[in-house]
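I opened my notebook to look through one protein model, a stop at a time. Here is what I looked up, in the order I went.

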Amino acid sequence: MIVRVGQGFDVHACSDDPARVLVLGGVTFPDERGLVGHSDADVVAHAAADALLGAAGLGDIGRHFPDTDERWAGADSIELLREVARMVRAAGFEPGNVDCAVVCERPKLAPRRDEMETNLGDAVGAPVTVKGNRAEQLGAIGRGEGIVCYAVAVVTGSEA
Ligand code: MG
């Protein structure tokens with residue numbers, strides 16, 4: 001059996017546009033500032049997707065879903081993640097798990113963590129875990145100017 005690991009990272013700035021809705025792990029946070037982005041700017045889904053693509057040797061999310069492509073304008077990133085998992089399987093790998101570390105001053109993720117993990121895990125077809133961390137008021141993330149997510153993914157395959 002082949003075991004591969006992949007790393008994902010994403011960051012999006014907070015938006016001043018009141019029409020932008022904050023979406024993290026496919027969960028909507030109605031009373032929070034949204035993030036700037038071409039899609040729904042779901043940093044958690046994006047980092048998870050990049051980790052899976054990296055593990056399978058399939059490049060990155062920007063290569064497959066370019067932000068210059070109108071097809072992905074306002075896209076539901078959970079659906080992008082579902083498509084990435086399909087691509088990983090088409091390449092002969094099975095997602096093992098994905099672990100995501102979100103860094104933000106707000107919102108508090110714990111009350112919505114189960115929903116996020118369910119949405120993400122359903123899209124990937126494997127366990128996805130989400131952890132929340134604060135940047136302790138350090139730097140741009142600590143000032144609440146954006147949200148970061150790091151992710152790692154493991155996939156397995158069989159020897160060709
Ligand atoms: Mg992104």
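I began with helix H3 (residues 77–90), which lies across S4 and strand S6 (146–157) and runs at about 145 degrees to S4. For my own reference, contact means heavy atoms within 4.5 Å. Axes are lines fitted to C-alpha atoms, for helices over the stretch in contact, and angles run from 0 to 180 degrees between N-to-C directions. Helices (H or I, at least four residues) and strands (E, at least two) are DSSP runs, numbered from the N terminus.

A note on what I was looking at: this is a predicted model, where local features need pLDDT of at least 70, side-chain atom pairs count only at pLDDT 80 or more, and totals for chains, interfaces and linings use all residues. Residues are numbered from 1 along each chain as its sequence is written, and side-chain values use heavy atoms, with hydrogens and water left out.

**Sheet.** Next I checked H4, which lies across S4 and S5 and runs at about 140 degrees to S5. I then followed the strands themselves: they form an open sheet of four, in the order S1-S6-S4-S5, with mixed pairing. Strand S1 (2–13) and S5 are the edge strands, each pairing on one side only. On average, neighbouring strands here are turned by 15 degrees against each other, direction ignored. Two strands pair if DSSP finds at least two bridges between them.

I looked at two of the pairings. S4 and S6 run antiparallel and are joined by ten bridges; Glu94 stands opposite Thr156 in S6. S4 and S5 pair in the parallel sense over six bridges, and there Val98 has Val128 in S5 as its bridge partner.

**Core.** Which residues touch the most other members of the largest nonpolar core? I found Leu24, Val44, Leu52, Val98 and Cys100, in a core of 47 residues. H1 gives the most to this core, with ten residues. A nonpolar core is a set of buried Ala, Val, Leu, Ile, Met, Phe, Trp, Tyr and Cys residues joined through side-chain atoms within 4.5 Å. I also listed the contacts of Leu24: leaving out residues up to four places away in sequence, they include Phe29, Leu35, Val44, Pro107 and Ile147.

**Metal.** What are the protein donors of the magnesium ion? They are Asp10 (OD), His12 (NE2) and His46 (ND1), lying 2.2 Å from it. Donors are N, O and S atoms within 2.8 Å of the metal (3.2 Å for Na, K and Ca); water is not among the atoms, so sites may look incomplete. In sequence the donor residues are spaced D-x1-H-x33-H. Asp10 is buried, with a relative accessible area of 15%, and His12 is buried at 13%. Buried means under 20% relative accessible area, exposed over 50%, and partly exposed in between (1.4 Å probe, protein chains only).

I finished with the loops. Ala41 has a positive phi of about 65 degrees although it is not a glycine, and sits in the loop between strand S3 (27–29) and helix H1 (43–55). Buried or exposed, I wondered about Ala41? Ala41 counts as buried because its relative accessibility is 0%. Gln137 also has a positive phi of about 65 degrees without being a glycine, in the loop between strand S5 (128–133) and helix H5 (139–142). Gln137 has 60% relative accessibility, so Gln137 counts as exposed.

My last stop was a cis peptide bond between Arg106 and Pro107, with omega about 0 degrees. Pro107 lies in the loop between strand S4 (93–103) and helix H4 (113–124).
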